[in-house]
Amino acid sequence: MITEKQKNLADWALKFALKNGCSDARITAYSGMDNSFEYRNNQLDKLEQSSESGMSFYLFVDGRFSYFSTNRLEKKELERFILHNIESTRCLEKDEFRRLPDPDRLFRGKAGDLELFDTNILEISVDEKLELLRNSVNEVYQTDDRLIAVSAAYSDGTDESFMIDSNGFEGESATTYFNLSAETSLKDKGHSRPSAHWYDVSIFWDQLQKKGIARKAYERTLNRLGQEKIRSGKYKMLVDNRNITRLLSPIIAALYGSSIQQKNSFLIDKLDEKIISEKITIIDNPHLKRARGAGWFDGEGVATKKMNVIEKGILKTYYINTYFAGKLKMMPTIQSPSVLLMDSGNKNREELLNTVEKGIWVTGFNGGNTNSSTGDFSLGIEGFLIKNGKVTIPVNEMNITGNLLSLWQNVNEVGNDPLLISSWRIPSVLFDDVCFNGK
């Protein structure tokens with residue numbers, strides 16, 4: 001965790017900056033570590049370990065603003081650093097919209113424990129991590145003559161910070177993460193080499209899935225043997241919970257104040273309007289314990305709260321920080337999403353699939369693009385043809401095209417299987433009348 005010495009240094013740096021020309025300032029002391037290891041077949045292919053600690057500065061000087069950071073944390077070094085950057089800031093153009101948040105919006109008081117930090121992370125040895133990788137690879141290595149390669153990757157780390165500003169805000173956050181993934185590739189007919197991956201992510205080591213990851217990746221690869229294009233047309237489309245965020249993320253990106261101010265959003269002036277199907281309700285719940293993305297305050301120190309983002313298809317909020325609120329002459333909200341929850345339906349993915357007479361289950365997206373100004377998209381997909389509620393042939397080298405708002409207007413049903421390992425806990429979704437381009 002951030003030490004008292006680091007907190008005291010940040011407090012000293014804030015006072016020094018204010019004493020020497022800053023009208024306002026925000027100081028963040030940060031530290032963290034990252035470890036990553038990778039096995040390819042039976043050999044260690046990568047081993048990286050890193051750690052950092054430093055301090056970042058938001059300086060407001062004579063109506064001007066600048067951002068700097070350093071990892072040189074001796075007071076004499078910091079004095080020179082701060083004085084130099086105050087003078088540098090005076091050389092910039094004035095920006096009337098650069099300011100700290102209104103003090104009434106800041107998080108105050110003592111935060112409860114959201115349980116986002118595993119204190120045992122330093123007790124896990126490198127040998128344990130490498131053994132986990134070897135065991136993962138050996139789940140499938142040399143079990144099939146068609147296997148080209150098996151790789152497994154493990155990573156973990158910490159992210160800790162202490163933020164203080166001249167408006168009286170003081171807040172601390174700390175998170176850990178653990179990630180295990182695997183990928184396999186197989187020889188298929190001709191020159192085809194299908195591959196697939198699987199993964200698990202957790203805040204806590206003891207909750208990380210440690211067995212079956214490579215086996216799942218191998219099974220997914222097996223299912224892709226014999227992939228082919230099918231006839232173009234409109235199909236029902238089932239997108240599972242590990243891939244649905246690819247279709248949701250452009251909508252959330254269009255809600256940012258930066259996108260709206262730069263006219264780079266297809267959701268400008270849509271507040272309180274119905275934009276997608278009434279079957280969709282998305283809630284931002286930042287105080288959910290043991291949830292990736294949870295927090296008591298955002299990157300500006302503004303207190304977070306539970307709020308509806310989309311309510312029965314109606315847009316209820318934008319993500320607007322202090323700066324873009326001023327430029328847009330709008331009320332600020334919070335800086336960015338935390339934990340996004342979509343109201344669930346009554347069926348899991350398998351049950352949704354069983355309702356489809358003719359459609360395509362999308363299990364991955366391969367490239368493509370979305371126009372952030374219009375919402376038009378063209379995305380490569382792979383997955384499986386569904387006939388009479390059954391999975392049949394694997395498909396690839398196909399695109400889906402259309403407009404995101406029209407797509408989300410055509411939601412047939414929402415599943416009940418949100419991906420709990422993600423900060424966006426979105427379930428599988430079944431869409432009607434999606435344009436697939438194949439042969």
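Guide: A strand here is a DSSP run of E, at least two residues, numbered from the N terminus. Ser 56 belongs to one of these, strand 2 (residues 43-61). The model is predicted.

Visitor: Why does Ser 56 count as buried?

Guide: Its relative accessibility is 6%. Buried means under 20%, so the label applies.

Visitor: Which residues does Ser 56 touch, leaving out those up to four places away in sequence?

Guide: Arg 26, Ile 27, Thr 28, Tyr 30, Tyr 67, Phe 68 and Ser 69. Contact requires heavy atoms within 4.5 Å.

Visitor: Arg 26 is on that list. What places Arg 26 over the face of Tyr 58?

Guide: Arg 26 is 4.8 Å from the ring centre. The distance cut-off is 6 Å, taken from CZ for an Arg. Another such case is Arg 290, whose charged end sits over the ring of Phe 204, 4.1 Å from its centre.

Visitor: Now the rings. How many aromatic pairs are there?

Guide: The count is 17. One of them joins Phe 169 and Phe 297.

Visitor: What makes the pair of Phe 169 and Phe 297 edge-to-face rather than stacked?

Guide: The centres lie 5.1 Å apart, with 75° between the planes. Pairing needs centres within 6.5 Å, and edge-to-face needs over 60 degrees, so both tests are passed. Phe 169 is in the loop between strand 4 (147-165) and strand 5 (170-186). Phe 297 is in the loop between strand 8 (282-284) and strand 9 (307-311), 128 residues apart from Phe 169. Both Phe 169 and Phe 297 are buried. Ring pairs also link Phe 37, Tyr 154, Phe 178 and Trp 205 into a cluster.

Visitor: Why is the contact between Lys 7 and Glu 4 called a salt bridge?

Guide: The closest N and O atoms are 3.5 Å apart. The limit is 4 Å, so the pair qualifies. Lys 7 and Glu 4 are three residues apart in helix 1 (residues 4-19), about one turn. Together with Glu 172 they are linked in a network of salt bridges.

Visitor: Are Lys 7 and Glu 4 each buried or exposed?

Guide: Lys 7 has 17% relative accessibility, so it is buried. Glu 4 has 51%, so it is exposed. The cut-offs are under 20% and over 50%.

Visitor: How do you know that Lys 289 and Glu 115 form a salt bridge?

Guide: N to O is 3.9 Å. That falls within 4 Å, so it counts. Glu 115, at 25% relative accessibility, is partly exposed.

Visitor: What about Arg 224 and Glu 382?

Guide: Their closest N and O atoms are 2.5 Å apart, a salt bridge. The pair links distant parts of the chain, 158 residues apart: Arg 224 is in the loop between helix 4 (213-222) and strand 7 (233-239), Glu 382 in strand 13 (residues 376-387). Arg 224 is buried because its relative accessibility is 8%. Glu 382 is buried too, at 12%. In total the model has 18 salt bridges.

Visitor: Which residues of helix 4 are buried?

Guide: Ile 213, Ala 214, Ala 217, Tyr 218, Arg 220 and Thr 221.

Visitor: How do you know that they line one face?

Guide: Seen down the axis of helix 4, they fall within an arc of 160°, so they line one face. What covers them includes helix 3, strand 4, strand 5, strand 6 (195-202) and strand 12 (358-370).

Definitions and conventions
Residues are numbered from 1 along each chain as its sequence is written. This is a predicted model: local features need pLDDT of at least 70, side-chain atom pairs count only at pLDDT 80 or more; totals for chains, interfaces and linings use all residues. Side-chain values use heavy atoms; hydrogens and water are left out. Rings of Phe, Tyr and Trp (its six-membered ring) pair if their centres lie within 6.5 Å; planes under 30 degrees apart count as stacked, over 60 as edge-to-face and the rest as tilted. Helices (H or I, at least four residues) and strands (E, at least two) are DSSP runs, numbered from the N terminus. Buried means under 20% relative accessible area, exposed over 50%, partly exposed in between (1.4 Å probe, protein chains only). A charge sits over a ring if NZ of Lys or CZ of Arg is within 6 Å of the ring centre and within 35 degrees of the ring normal. A salt bridge is a side-chain nitrogen of Lys or Arg within 4 Å of a carboxyl oxygen of Asp or Glu. The arc is that of the directions from the helix axis to the C-beta atoms.
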